[in-house]
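How do the helices of this structure pack against one another? Please look at the sequence and the model below before reading on.

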Amino acid sequence: MAGKTIKPTSGSDVRPADALGVPTSNSNDIAAFVAKARAMSPHRAGARGRLVFALDATMSRQPAWDMACTLQADMFREAGSLGSLDIRLVYYRGFNECRASGWISDSAQLARLMSKIDCQGGNTQIGKVLSETRREAVAAGVRALVFVGDAMEENADALCASAGELGLLKVPVFMFQEGADGTAEQTFREIARLTGGAWCRFDPGAAAQLRELLRAAAAYAAGGREALLQLAKTTSGAAKLIGQMK
């Protein structure tokens with residue numbers, strides 16, 4: 001990522017990361033995500049997980065941003081039964097603005113931070129998200145990257161090259177796509193494949209769908225494959241919930 005590198009700030013601060021024809025949603029989408037995550041290498045139970053939580057904060061995303069503000073607490077709750085979770089918020093918006101927080105271990109703290117951020121018009125900056133995640137993975141270790149967005153306006157080959165680097169570092173990327181943009185889907189799927197992660201689409205405004213995906217990602221970050229197996233025993237599962245959504 002271009003620009004002067006700055007050491008991570010406290011969790012309450014955000015720094016520039018620069019310094020640092022599609023089918024509808026169905027149970028198969030979510031089932032594929034859960035199956036992919038279950039197949040990944042497990043992490044030691046009780047270990048502290050680190051998850052990069054990246055969101056598109058361009059203007060069209062305000063409803064989804066507000067929804068994510070509410071649902072992020074579910075990630076901490078899910079991980080709490082397995083060990084613990086630190087989350088690093090990364091978002092982009094406006095003209096060339098991409099920022100990253102420090103590592104946050106408390107849902108209330110993350111909620112306060114997110115509530116101060118409003119969405120602004122601009123193009124996607126997924127490349128910066130991938131580069132920031134790679135930098136942090138090398139510096140401090142990252143178990144997974146979760147990205148939530150609805151569009152892709154960058155060079156797909158460049159994004160895939162960055163994704164390949166994360167794949168070499170064994171950092172899976174879970175690409176959660178809101179809506180049905182075909183160009184975004186094609187690239188998001190490839191990013192997930194190259195990193196050993198997973199792609200899944202959810203309907204605009206569908207909080208239950210996104211909640212299931214975020215919980216599953218948090219479970220993986222905190223406990224790996226075994227944690228997801230346990231989660232499947234105690235919940236109806238993402239596939240069943242999606243099947244109930246109309």
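The model is predicted.

**Helix packing at a glance**

Two packed helices are described by the angle between their axes and the distance between the axes. The table lists these values for each pair.

| Helix pair | Axes come within | Crossing angle |
|---|---|---|
| Helix 2 and helix 3 | 9 Å | roughly 170° |
| Helix 4 and helix 5 | 9 Å | roughly 20° |
| Helix 5 and helix 6 | 7 Å | roughly 25° |

**Helix 2 and its partner**

Start with helix 2, which spans residues 62–80. Its 19 residues reach 28 Å from the first C-alpha to the last. That is close to the 27 Å expected at 1.5 Å a residue. Helix 2 also has a kink of about 35°, centred on C69.

C69 takes part in the contact with helix 3 as well. Helix 3 covers residues 107–115. The axes of helix 2 and helix 3 cross at roughly 170°, so the two helices are roughly antiparallel. On the helix 2 side, W65, A68, C69, Q72, A73 and F76 make the contact. They meet S107, L110, A111, M114 and S115 in helix 3. By class, the residues of this contact divide into eight nonpolar, three polar and no charged.

**Helix 5 between two contacts**

Next comes helix 5, residues 156–168. Helix 5 packs with helix 4, residues 126–139. Their axes cross at roughly 20°, so helix 4 and helix 5 are roughly parallel to each other. The crossing is left-handed. I126, G127, L130, S131, T133 and R134 of helix 4 meet L159, S162, A163, E165 and L166 of helix 5. This contact has five nonpolar, four polar and two charged residues.

Helix 5 also packs with helix 6, residues 182–195. The angle here is roughly 25°, and this pair is therefore roughly parallel too. The crossing of helix 5 and helix 6 is right-handed. Helix 5 contributes A156, L159, C160, A163, G164, L166 and G167. Helix 6 contributes T187, E190, I191, L194 and T195. By class, the contact has seven nonpolar, four polar and one charged residues.

L159, A163 and L166 of helix 5 meet helix 4, and these residues also take part in the contact with helix 6.

Notes: Residues are numbered from 1 along each chain as its sequence is written. This is a predicted model: local features need pLDDT of at least 70, side-chain atom pairs count only at pLDDT 80 or more; totals for chains, interfaces and linings use all residues. Side-chain values use heavy atoms; hydrogens and water are left out. Axes are lines fitted to C-alpha atoms, for helices over the stretch in contact, and angles run from 0 to 180 degrees between N-to-C directions. Helices (H or I, at least four residues) and strands (E, at least two) are DSSP runs, numbered from the N terminus. Angles under 35 degrees count as roughly parallel, over 145 as roughly antiparallel, 65 to 115 as roughly perpendicular and the rest as oblique. A crossing is left-handed if the near helix is turned anticlockwise from the far one by less than a right angle, and right-handed if clockwise. Contact means heavy atoms within 4.5 Å. Ala, Val, Leu, Ile, Met, Phe, Trp, Tyr, Cys and Pro count as nonpolar, Asp, Glu, Lys and Arg as charged, and the others, Gly among them, as polar. The expected span of a helix is 1.5 Å times one less than its number of residues. The bend at a residue is the angle between axes fitted to the seven residues ending there and the seven starting there.
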